[in-house]
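Keep the structure open as you go.

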Amino acid sequence: MFTPTYARITERLSAEGSDVWAVHERALKMQRNGDDVILLSVGDPDFRTPEPIIDNAVSHLRVGRTHYSPSLGEIKLRRAVADLETQSSPHPCTADEVAIFPGATSAIHAVLSCLLNPGDEIVVPEPMYVGYNPIFRGLDLNLRTTPLDVEHDFALNVETLKSTLSDKTRVLFINTPGNPTGAIIPASDIRELAAYCLEKNIWLVCDEVYSMFCYEGKHMSARASAECLDNVVMIDGLSKSHAMSGWRIGWVVAPPTLIERLGEYAGATLFGSPQFIQDASAFALENDQQYVKEMRNEYRERRDYMLDKLSKVKNLHCSRPHAGMFIMCDVSRTGLSGRQFADQLLEQQGVSVIPGAAFGPSAENFVRLGLAQNRSVLKRACKRIKHFCASL
Ligand SMILES: Cc1ncc(COP(=O)(O)O)c(C=O)c1O
């Protein structure tokens, strides 16, 4: 009889913090059973992909753009990404510095696969995006986290972060604007970190998928902020900015020597992304001013609405996100942990939020509320949250 054996990576992946999505999954089950549940636990934009992008993809499908494509991506899309970066940076960027991947998740996995060996140390500030841990575990990395400044809207403290880096650190991984925090790391801090990492022979990798949704302050990419680019890698994509999460387009901007290695990696694992999707993505980047602006304005208004309503709810205290699609809400004065709050809010009022502990220990008194719902849904959610808090 055949006894199946599996690679250790499958054990590491299944060991991954199983209850991260527990509340969200319970909410989905309740919804399937017909309960009236409001999901504030999702990070998938509720907007439709703008119609001109869809039309562009369809027209490319019709003319036969349905074949294999280069491992590093179609040159037109690589150039569009390079142009975008050049416009917002003192350093000109060329297509040689760009690699296309099916989404930022895949780009992060590829970058870390090309930079790190199993057991290598990676330092990440927390709370951090829940999608990172499975990647770190899969690659068997030695993760060290360092808390963001919870008291000051999750600001990053450069000195604390520097003191966390050790002789063994190979990568410092940061995320700006942050999920779940909505904090923007100032360009001067990124510049200082990049220079410090360069001196210590550490790569600085920066995930910037919320770059186009800044409400106050300005996002400066890691590449635009750093003086020397030798150790700087940035990752971005279209999932959030263009409501294209299902199209799976992300990219890496990095020194050409890393891009070459990423090409070999992508050749072995992906063998190119669909042509018509890359065509429509290049079109999206070149013609996006109006609809990105409209979506950004709508998220900003939702944020302001939620902050206003929740500021009047007893015992809640929300941090003010400067960017992104989420609000972090401190629930400690209710006497509940973030997890208890999320569990009971779902049970009693049918509103699903993510417990802060899913993002790291420093956020365990928080819950994360998503803004990917229209304002009438958010209005109902705020009413229910208010009732719940009043009942405690
Ligand atoms: C910080 C962050 N990085 C990466 C991703 C994943 O992006 P993609 O859809 O491009 O894989 C997300 C999705 O929520 C995210 O919040």
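Before we start, a definition: helices (H or I, at least four residues) are DSSP runs, numbered from the N terminus, and lining residues have an atom within 4 Å of a point of the pocket. Please note that this is a predicted model.

**Exercise 1.** Describe the largest pocket: which residues lie nearest its centre, and which element gives the largest share of its lining?

*Solution.* 
- Step 1: Begin with the space, which is about 650 Å³ in the largest pocket.
- Step 2: Go to the centre. Of the 26 lining residues, Leu84, Ser88, Ser211, Met212 and Arg296 lie nearest to it.
- Step 3: Look at the elements. H4 (75-87), E7 (232-237), E8 (250-253), H11 (275-286) and H12 (289-311) each supply at least two lining residues. The largest share is that of H4, with six residues.
- Step 4: Sort the lining by residue class, and you find ten nonpolar, seven polar and nine charged residues.
- Step 5: Check the domains. Domain 1 (8-48 + 290-391) and domain 2 (67-288) each contribute at least three residues to this lining.

**Exercise 2.** Now try the second largest pocket: why does it lie between domain 1 and domain 2?

*Solution.* 
- Step 1: Find the pocket, with about 450 Å³ of space. Its lining has 29 residues, and Gly43, Thr105, Tyr129, Tyr210 and Lys240 are nearest the centre.
- Step 2: Helix H5 (residues 104-115) gives the most to this lining, three residues.
- Step 3: By class, the lining holds 13 nonpolar, eleven polar and five charged residues.
- Step 4: Both domains give residues to the lining of the second largest pocket, so the pocket lies between them.

Key. Residues numbered from 1 in each chain as written. Predicted model: local features only at pLDDT ≥ 70, side-chain atom pairs only at ≥ 80, totals over all residues. Heavy atoms only, no water. 1 Å grid on protein atoms, 1.4 Å probe; cavity = no way out; pocket = protein on both sides within 12 Å on 5 of 7 lines; lining within 4 Å. Points joined across faces, edges and corners; volume = space filled by probe spheres on them. Nonpolar A, V, L, I, M, F, W, Y, C, P; charged D, E, K, R; others polar. Domains from an automatic or database assignment.
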